[in-house]
Structure formats: structure tokens, C-alpha cells
Amino acid sequence: MKNRAVKIYDTTLRDGAQTLGVSFTVKDKLAITERLDGLGVHFIEGGWPGSNPKDVDYFREVKKIKLKSSQLVAFGSTRRAKIVASADGNLKALLKSDVKNIAIFGKSWDLHVQKVFKVSLKENLDMIFDSVSFLKKKGCFVFFDAEHFFDGYRANKEYALESLKSAESAGADCLVLCDTNGGMIPSWIRAIIKDVKKELNSNLGIHVHNDSGMAVANSIVAVEEGAINVQGTINGYGERCGNADLCSLIPNIQLKLNLKSIPAAKLKGLTEISHFVSDISNMRQSESQPYVGSSAFAHKGGVHINAVMKESSTYEHISPDSVGNKRELLVSELSGKSSLVLKAQEYGYKLQKDKNVTKTLHELLQSLEHEGYHFEAAEGSFELLLNKHLKKFKKFFTLEGFRVMVEQENKNELVSEATIKLKVGNKREYTVAEGDGPVNALDSALRKALNRFYPVLSEMRLSDFKVRVLDEKEGTAAKVRVLIRSQDRESSWNTIGVSKNIVEASWKALLDSVEYKLMKERSKGRI
Ligand SMILES: [Zn+2]
């Protein structure tokens with residue numbers, strides 16, 4: 001197995017696009033294509049030109065992009081029953097996409113052939129053979145995706161193998177074994193691939209769904225058994241429980257199996273592309289996502305923090321840097337001054353444990369946490385607080401006041417309106433904005449007021465808003481904690497506000513969110 005190269009085949013744009021809640025425009029797909037090319041994946045499955053006009057547009061537009069490392073693949077099905085391959089509209093659409101690499105799927109489970117397709121078992125094998133040989137004659141590189149292969153094999157081993165042999169004898173370049181229902185476990189995959197290898201000589205690929213939570217494990221087993229083409233999606237997107245997550249698969253292949261896949265230096269781009277794709281898909285990134293999640297290398301307990309600083313392998317399986325992620329040390333009431341010193345170091349500040357400024361910062365944090373602030377979940381507010389406490393923060397604006405109104409007229413919907421007065425330098429700004437609710441109205445008014453001075457704010461948006469009542473016993477006088485998540489093209493950050501008044505708590509979190517963005521932009525020299 002040593003030195004074997006494993007080709008990474010991305011299907012985010014086809015299978016990933018099936019995720020509930022995800023809808024890619026052609027522009028989104030082109031942007032993702034460029035990122036995938038930048039990551040150095042070998043194949044990018046762009047879509048199914050025979051199934052929808054959007055994918056036809058994509059294949060036309062993508063030609064304008066000069067790909068450096070990746071090759072495009074167009075996806076489609078075998079010919080329909082009872083017609084010749086050359087007359088099949090779907091196969092024609094594949095050729096028309098003008099892509100050299102074609103993936104076609106065919107049935108390998110007798111149940112599907114007879115119950116769903118309602119064609120004879122023999123006709124199905126002919127459909128596979130004809131379609132593959134038609135494309136081979138046209139000079140294509142052909143992947144044959146054996147749909148439901150593993151289920152088919154467990155139900156009728158001979159027939160499942162026959163389907164592969166049809167594709168092999170027609171000249172398919174790679175036979176992709178698919179766990180379409182995603183219900184396999186690693187030992188089944190291993191045993192079946194061992195059998196397949198006795199019967200066939202072709203290059204094997206693996207395409208696994210995650211319905212049993214095993215997609216990555218199953219794919220790794222397939223690679224160990226010799227698969228040289230691994231299919232998956234960024235962040236494991238895909239219908240139902242998703243596909244195998246390339247953000248776990250790629251580092252597992254390179255750092256654990258020590259096999260070659262994408263260029264080693266590009267592995268550092270993994271965290272960024274993961275966040276980029278979740279952003280463009282409008283999906284929330286899972287914080288605990290292996291390798292690339294924001295908590296993947298976050299340490300909370302004081303003892304853990306201490307150990308990690310002495311020797312990172314005590315609580316980290318790889319160096320976060322190798323996949324472009326970073327270590328996070330979480331600040332909490334439990335942490336002492338030494339954790340605070342380390343935390344500040346992460347942001348580039350050298351604090352000294354025995355200096356007064358460290359002592360007062362520590363006290364301030366403790367009293368805020370006592371009030372209900374929770375900086376573990378609000379790193380944006382924490383960094384801002386650190387900046388302000390260390391007198392590094394230069395004001396972007398001075399708030400002079402705000403007012404929010406919620407109004408209902410004639411039983412119509414509630415209308416919220418916010419008014420904000422602020423000063424930037426010596427210029428005074430007074431704006432009014434409406435919103436779906438008071439916080440939305442405040443957010444709009446604040447941006448409207450600042451936009452003229454800091455147009456960069458138009459890049460950011462609120463992506464999540466959470467409210468928690470802190471002491472329910474006190475009824476309406478209870479404190480609320482508001483956590484806001486904001487994002488721009490590059491990153492996302494959380495900010496926090498605590499108050500007895502929900503509008504005030506939200507306002508504090510909102511202000512932090514905007515100030516944080518401006519602080520970041522200034523540190524990059526953009527404003
Ligand atoms: Zn699939």
C-alpha cells in the first residue's frame with residue numbers, strides 16, 4: 001500500500017447540492033469549483049447536464065475558468081431501456097457538456113432492476129455495457145458508479161458482480177462501488193471488496209453515504225483495501241445524512257494512512273474551504289466537525305490547557321496547523337491568570353502574570369462572568385474587551401443614543417422602528433430604519449448610520465441569534481444573555497450581551513459585533 005496515490009473525487013456540486021436547505025446558483029458552483037481546484041482535488045463532479053438546465057449552464061460557464069489541478073467530471077445515467085445508446089438523450093447531453101471525464105451510474109442490485117426499473121436483469125447488464133462502450137468509443141474517461149453495489153452484493157452477489165463485469169468488459173476506467181443507502185459498516189465493506197478483487201482487475205473507487213454514521217470509516221477501509229478513487233463532499237454535505245466528508249477523509253488518508261492524495265502543502269487550505277463552502281451554502285458550520293471545526297482544537301479545562309501548552313500531543317491528535325485550523329484556549333471562570341496570559345498570547349498580546357493590568361483584566365472577566373457573560377462562546381467580544389482593556393482600541397464612532405419602537409396599527413403586523421444617533425469624528429449621523437423586530441431594526445439603523453464611513457460593513461451579516469434567560473426564578477426581571485453570530489466572506493465571530501432588558505442585551509452584542517468587524521479590518525489595513 002506504501003506510496004500508492006489516492007485520487008480525490010469531489011461531488012459537492014452534485015451530491016452535496018442535494019442537501020436539505022442547500023441550493024447552489026451557477027455562480028456559487030463556479031466559486032466552489034475554483035476553491036476545489038485551489039485545494040488540489042483531482043476530480044470535480046460538476047453536475048448532471050441531462051437532468052437540469054442549471055447544470056448545462058454550469059458546464060458552459062466553467063470552461064472560462066482555467067483549472068490548475070482538477071479535472072471536471074460530468075455525471076449521468078446509463079442509457080434508457082430498449083433504445084440504442086447513441087439515441088439516448090442523457091448520454092448525448094453528457095457528450096455535449098464537452099467534458100472528457102464522464103461518470104455514469106447503473107444498477108447493480110437485482111431488487112432495483114426488477115422492482116423499480118422494471119427491466120429484465122439481462123437488459124440492465126446490456127444498458128451498462130452499451131453506455132460504457134458508447135462513451136469509450138467517443139474517447140471519454142469513464143467512471144462507472146455501481147449504484148447500491150454493497151446492498152446488491154449482500155442480496156445477490158453474482159448479479160452485483162455481473163454488473164461490474166459488464167462495465168469492465170466495455171472498457172470502464174474506474175469501477176466505483178457505491179453504498180448508496182449508506183447503511184454499511186466497515187467490516188462488511190472490507191469483506192466485500194476483498195471478494196471483488198478476486199473477480200476483477202479494474203481500478204476501484206468508493207462512494208459512500210453516511211446513514212450509519214460510518215461514511216468516512218467505510219471509505220478509509222475501501223482505501224486500505226486498494227480503492228484509488230475516493231468520492232465525497234466538503235463538510236459531508238448530501239441528502240439525508242450526507243456523504244463521506246472530504247474534510248475528514250483527506251487528512252485521514254494523508255496524515256494517518258500516509259498515502260499521497262492532494263499536494264501536502266495544500267492540506268493547510270482545508271479549514272478555509274470547509275468554512276467557505278458552509279458559508280456559500282448558507283449552512284451553519286458544525287463546531288465539533290473533525291479537523292476543521294472551530295472547536296476541533298479547543299481546550300477548556302485548566303489542566304488540559306496546561307498540558308497542551310507543555311506538549312500539544314497530550315490532547316491533540318495532529319497539529320491544528322497542518323489542516324489550517326488553530327488551537328483555541330477557552331476562557332472561563334475556572335481558568336486562572338495563567339490561562340488568561342496564554343489566551344491573550346493567541347491574540348498577539350504579551351501579558352505578564354504579576355502586572356497590575358493582568359490582575360484588573362482577570363477581575364473584570366470574573367465579575368462579567370458572574371453577571372452572566374460567557375466568553376467561551378463569544379471570542380469576538382473577548383478580543384474586543386482585551387483590546388479595550390489594554391488601551392489598544394481606537395474608537396470608530398461614539399454613540400449618542402438610540403430608540404426602538406414596536407407598533408401595531410389596526411391589527412396589522414407588528415412594525416419595529418429604530419432611531420440611532422451617533423458621531424464619527426465630528427460628523428453627526430441620525431438614522432431611522434424599520435425591521436422585522438426591534439433587534440433587526442436596530443441592526444439596520446446602525447449599519448445605515450455607519451455605512452457611509454465604513455462601507456466594509458456591508459460585507460457582514462448576522463447568521464445566528466440566541467437568547468437565553470439566565471435566572472428564571474425572578475420572572476420578567478430575569479437577566480437574558482444574547483449571543484450573536486456574525487459572518488463575512490472570510491470568517492465568523494460570536495459576540496455577547498447581558499442585561500435585564502432583551503433589547504439592551506441584543507444591542508450590546510450587536511455593537512460588539514460591528515466593532516469587532518471594524519477592528520479586524522483596521523488590523524488588516526483595510527480601513
Ligand atoms: Zn451519492
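These legends accompany several close-up views of the predicted model. Residues are numbered from 1 along each chain as its sequence is written, and side-chain values use heavy atoms, without hydrogens or water. Local features need pLDDT of at least 70 and side-chain atom pairs pLDDT 80 or more, while totals for chains, interfaces and linings use all residues.

View A. Asp15 (OD), His207 (NE2) and His209 (NE2) coordinate the zinc ion at 2.0 to 2.1 Å. Donors are N, O and S atoms within 2.8 Å of the metal (3.2 Å for Na, K and Ca); with water not among the atoms, sites may look incomplete. Along the chain, the donors follow the spacing D-x191-H-x1-H. His207 is buried at 6% relative accessible area, and His209 is buried at 4% (buried is under 20%, exposed over 50%, partly exposed in between; 1.4 Å probe, protein chains only).

**View B. A charge over a ring.** Here the charged end of Arg14 sits over the ring of Phe75, 3.5 Å from its centre. In another such contact, Lys388 lies over the face of Phe393, at 5.0 Å from the ring centre. The rule asks for NZ of Lys or CZ of Arg within 6 Å of the ring centre and within 35 degrees of the ring normal.

**View C. Aromatic pairs.** The count comes to 18 aromatic pairs, taking rings of Phe, Tyr and Trp (its six-membered ring) with centres within 6.5 Å; planes under 30 degrees apart are stacked, over 60 edge-to-face and the rest tilted. Tyr347 and Phe382 form a tilted pair, because their planes stand at 45°, with ring centres 5.9 Å apart. Phe382 is buried, with a relative accessible area of 0%.
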